[in-house]
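This briefing covers a few local features of the structure shown below. Keep the structure open while reading, and find each residue as it comes up.

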Amino acid sequence: MDTQHCQLLIIGGGPGGYVCAIRAGQLGLKTILVEAAHVGGTCLNVGCIPSKALIHAANAFHAQTAPNDLGIVSENVRIDTAQTQAWKNSIVAGLTQGVSGLLKRSNVTVMTGHATILDGKTVRADTQDGPCRITCDALVVATGARPTELSDLPFGGNVISSTEALSLSTVPKTLAVVGGGYIGLEIGTAMAKLGSNVTIVEASDRVLPQYDAALTRPVTARLSALGVDLRVSTKACGLSHSGDLEIEDHGSKSDIPADYILVAVGRTPVTQGFGLENLMLTMAGPYIAVDHVCATSMRGVFAIGDVTGDPMLAHRAMAQGVIVAEHVAGLASRWDKRAVPAVCFTDPELVVVGDLPSDDMATAVFPFAANGRALTMERTDGFVRAVYDPATEAITGLQAVGMGASELSGEFAVAIEMCATLRDVSDTIHAHPTLGEAVQEVAHLGLGHALHI
Amino acid sequence: MPKRPIKLPDVGEGVTEAELVTWHVEIGDVVREDDVIAEVMTDKATVEIPSLFDGKIVALGGEIGEVLAIGADLVEIETDADVPSAQAAEQTRSDPPPNPKLDDPTPPVAPSRPSAAPLRPHRSEGGPALASPAVRARVREAGLELRQIPGTGPAGRITRADVDAYLSLASASSVQSTTARRTGVEEIKVIGLRRKIAERMTAANARIPHITVVEEVDVTALEDLRAKMNATRAEKPKLTLLPLISAALCRALTDHPDMNAHFDDEAGVIRRHGPVHIGIATATEAGLVVPVLRHAEALSLFDCAGEIARLSTAARTGQATREELTGSTITITSLGPLGAIATTPIINPPEVVILGINRMETRPHWDGQGFVPRLKMNLSASFDHRVIDGWNAAVFVERVKALLETPALIFVDA
């Protein structure tokens, strides 16, 4: 068997793994990345990027078909979903090629094949050219997560996960979405805009239950305007005889017609099938327990990304990947982030950075209805919200819900990482007319002198 | 929730101002009625100030060491408690401006000291240490922890300059073990008891022309007596030297009433006191305090010993009451085994005499034929020379010496 040695061996080429590899390569570490499928992982291939492409296509189509006040009249608008898929796939292909190029430029060896951990310093990679034994000084587990399967609704047939939902060659006439989290809402909304009759079934009493009701209210309002049938406090029971979705709502069962049933109830870490259990690592529930440099309980073994738990977000995995590479290279890096921004590409978009409102904190809310740019885009729903320490006026949380609000996530994160106070943001000129003015206004508001409300 | 001030209450007769010595709360703390929020010091007594309501502290009325007038706002508290009594009703004031903000460009006029809301609230104990990612990286690379570094930025944010200052301080202190030159000056704020002591010492030394008389006393007989009494004391408190000296002093004062006096130099009056209230200068962690042994003239030796022990414990634990710390008519100061050969005690005004006790040791004594070992001890007594002439001072010291050398004289009526 072919044998290789490296300083850093990464299993999994998703956003965490490939970023870790690039950074390690930059720092001069001899690095090998083993990926079973395509670099880019869930995010590039079947997650963030394809879903954003689908949402964009859906928005473009919907802009043509929905009644508007702008005087635009379109007739006989139709969508060639095969072409949409081809366009989406070309973006994915371009990005994964780009990542491969970046890895190559950083002198990272990428091996395509399934990896099996033999011990904490040895991995076997089963590549097309045969098995290869790789020994390493440090091992990084970056195997990600997969869609969670429900025992009553196993994947297969017309029960699909987000991966299949993003690759449908036709728009289903009826789509039932099980799970009112961000994945279900994003795909469900896009499909509704493409003309599908969408029903979203959520077990808890509202969608996006990890956020407060004020934040999610504009999203539910829009869902209902788009004709999405939202069933909260409703349990998905399984398939009916006709292949529809059987639900139970306050004890009464009924069927929801569904060409497809999208199960989007969360993501399960990939911790089995590659010898991880041989390491007997300390776990935190289903996830690998890691410390502030992403070190596991075994010396020289690190874990990053979705296998380390929530929030399962690409940018968190990337940040962890950078920390591990720098730590292994001897730099003084560690996880000391104040916030991991979270964005839901719902309609309207929702962005959450830092603390949500609590009794100890003060809150200021500025509505987009008072923002000029929002008015010119016909979308005045939503608001920007600041959560701050009333004593020091240090901002500890920034949230927004509104069309295009996702692009505010950068400013929000910078403000919180820089430990900005209300005064810092209030005294920073924000360009007019932009949605970002609402951020400055919310700071004015917290200081008691809002100008435009 | 409405905000209300809690005012600095009247903490003692005739007291018009008090110094803030301890905050028990920080901004943002939630307090219950009667929780202690601050300690203030007046004259020599430290008084704990309780909260009048349940609520959340939103502003502090000053910094440690600041002197606040009675009735000044001590804290501002956010509370929905109904103001219970007439006295507290006085506490309310018209609604504050809707959003009193810290960086208001036109702050309320506060010429000599900070306004009620501190301009730059620092991060709370245990709160997160705030710093930008670049500053955090610098701190990591220096092998430090953020919480080690004081932040001077808004909201207590740690700036690049704070880290540099901390590092230069750390490197300065790390070379102290070598013979390299040291730089830097440490500033220590003189507050609380220390400031009080400084003020009183300055006043005493500036106003009072001191005359100090040093005399050697043979205490062999006194120590014999003390040893015998201690050997048979049973349950009684252990007799130290102080009760015996206090007894000798009381005895001497019956013949020298001019020494047990207060000199009110502004009124031009000397007040000779009947009772002998002896101030016992006591070293505590915070500094010198002087608890008062009241009516020493009427105490038995063992009662006196018990009372002195009680007072000194109270003083050292900071639990002495205002009454126990005021009203002395004459003061004894003793440094015990460190007592030196001679000292120049500073009078505790408005008293006119302070008696310093120096170290006791065995010294050679010429008895006319040869040297014999005797236990000796010096007395260093300072007198207010404006009202006590040197002759009188010397006679008084001589009298105390005679009593101590022949202790039977203390207790017999001759």
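**Briefing: loops, helices and the chain contact**

N107(A) counts as partly exposed because 15 C-beta neighbours lie inside 10 Å. A residue would need 20 or more such neighbours to be buried, and 12 or fewer to be exposed. The model is a predicted one.

**Positive phi values**

- Most residues other than glycine have a negative phi, and most peptide bonds are trans.
- N107(A) is not a glycine, yet its phi is positive, near 60°.
- The loop that holds N107(A) runs between α4 and β3 (109–119) of chain A.
- In chain B, H295(B) also has a positive phi without being a glycine, with a value of about 50°.
- H295(B) sits in the loop between β14 (292–293) and α7 (301–316) of chain B.
- H295(B) counts as partly exposed because it has 15 C-beta neighbours inside 10 Å.

**Cis peptide bonds**

- The bond between D310(A) and P311(A) is a cis peptide bond, with omega about -10°.
- P311(A) is placed in the loop between β18 (301–303) and α8 (314–328) of chain A.
- In chain B, a cis peptide bond leads from P349(B) to P350(B), and its omega is near 5°.
- P350(B) belongs to the loop between β15 (330–334) and β16 (353–366) of chain B.

- Is A142(A) buried or exposed? A142(A) is buried, because 33 other C-beta atoms lie within 10 Å, and 20 or more are enough for that label.
- A142(A) is found in the loop between β5 (130–141) and β6 (145–147) of chain A.
- Leaving out residues up to four places away in sequence, A142(A) touches I10(A), I11(A), G12(A), G14(A), G16(A), G17(A), C20(A), I304(A) and G305(A).
- A142(A) and V307(A) are 165 residues apart in sequence, while their C-alpha atoms are 6.8 Å apart in space.

**Helix α3 of chain A and its two partners**

- Two packed helices are described by the angle between their axes and the distance between the axes.
- For helix α3 (residues 48–65) and helix α6 (residues 182–193) of chain A, the axes come within 8 Å and cross at roughly 30°.
- Angles under 35 degrees count as roughly parallel, and α3(A) and α6(A) are therefore roughly parallel to each other.
- The crossing of α3(A) past α6(A) is left-handed.
- On the α3(A) side, the residues that meet α6(A) are S51(A), L54(A), I55(A), A58(A), N59(A), F61(A) and H62(A); on the α6(A) side they are E186(A), I187(A), A190(A) and K193(A).
- Sorted by class, the contact of α3(A) with α6(A) has 6 nonpolar, 3 polar and 2 charged residues.
- Helix α4 (residues 81–105) of chain A also packs with α3(A), at an angle of about 145° and with the axes 10 Å apart.
- The crossing of α3(A) past α4(A) is right-handed.
- I49(A), P50(A), A53(A), L54(A) and A57(A) of α3(A) make this contact with T84(A), K88(A), I91(A), V92(A) and L95(A) of α4(A).
- The contact of α3(A) with α4(A) has 8 nonpolar, 1 polar and 1 charged residues.

**Chain B and its helix α2**

- Chain B contains 9 helices and 17 strands.
- Of its 414 residues, 31% count as buried.
- Among the contacts in chain B with a separation of 6 or more, 62% are between residues 24 or more positions apart.
- Which residues are buried in helix α2 (residues 133–141) of chain B? They are V135(B), R136(B) and V139(B).
- Seen down the axis of α2(B), the buried residues fall within an arc of 100°, so they line one face of the helix.
- An α-helix has 3.6 residues a turn, so residues three or four places apart point the same way.
- A134(B) and E141(B) are exposed on the other side of α2(B).
- Just after α2(B), G143(B) has a positive phi of about 70°.

**Where the chains meet**

- In the contact between the chains, 15 residues of chain A touch 19 residues of chain B.
- The chain A side of this contact has 6 nonpolar, 3 polar and 6 charged residues.

Methods:
Residues are numbered from 1 along each chain as its sequence is written. Chains are lettered from A and ligands numbered from 1 in the order in which they are written. This is a predicted model: local features need pLDDT of at least 70, side-chain atom pairs count only at pLDDT 80 or more; totals for chains, interfaces and linings use all residues. Two residues are in contact if their C-beta atoms, placed from the backbone, lie within 7 Å. Ala, Val, Leu, Ile, Met, Phe, Trp, Tyr, Cys and Pro count as nonpolar, Asp, Glu, Lys and Arg as charged, and the others, Gly among them, as polar. Axes are lines fitted to C-alpha atoms, for helices over the stretch in contact, and angles run from 0 to 180 degrees between N-to-C directions. Helices (H or I, at least four residues) and strands (E, at least two) are DSSP runs, numbered from the N terminus. Angles under 35 degrees count as roughly parallel, over 145 as roughly antiparallel, 65 to 115 as roughly perpendicular and the rest as oblique. A crossing is left-handed if the near helix is turned anticlockwise from the far one by less than a right angle, and right-handed if clockwise. The arc is that of the directions from the helix axis to the C-beta atoms.
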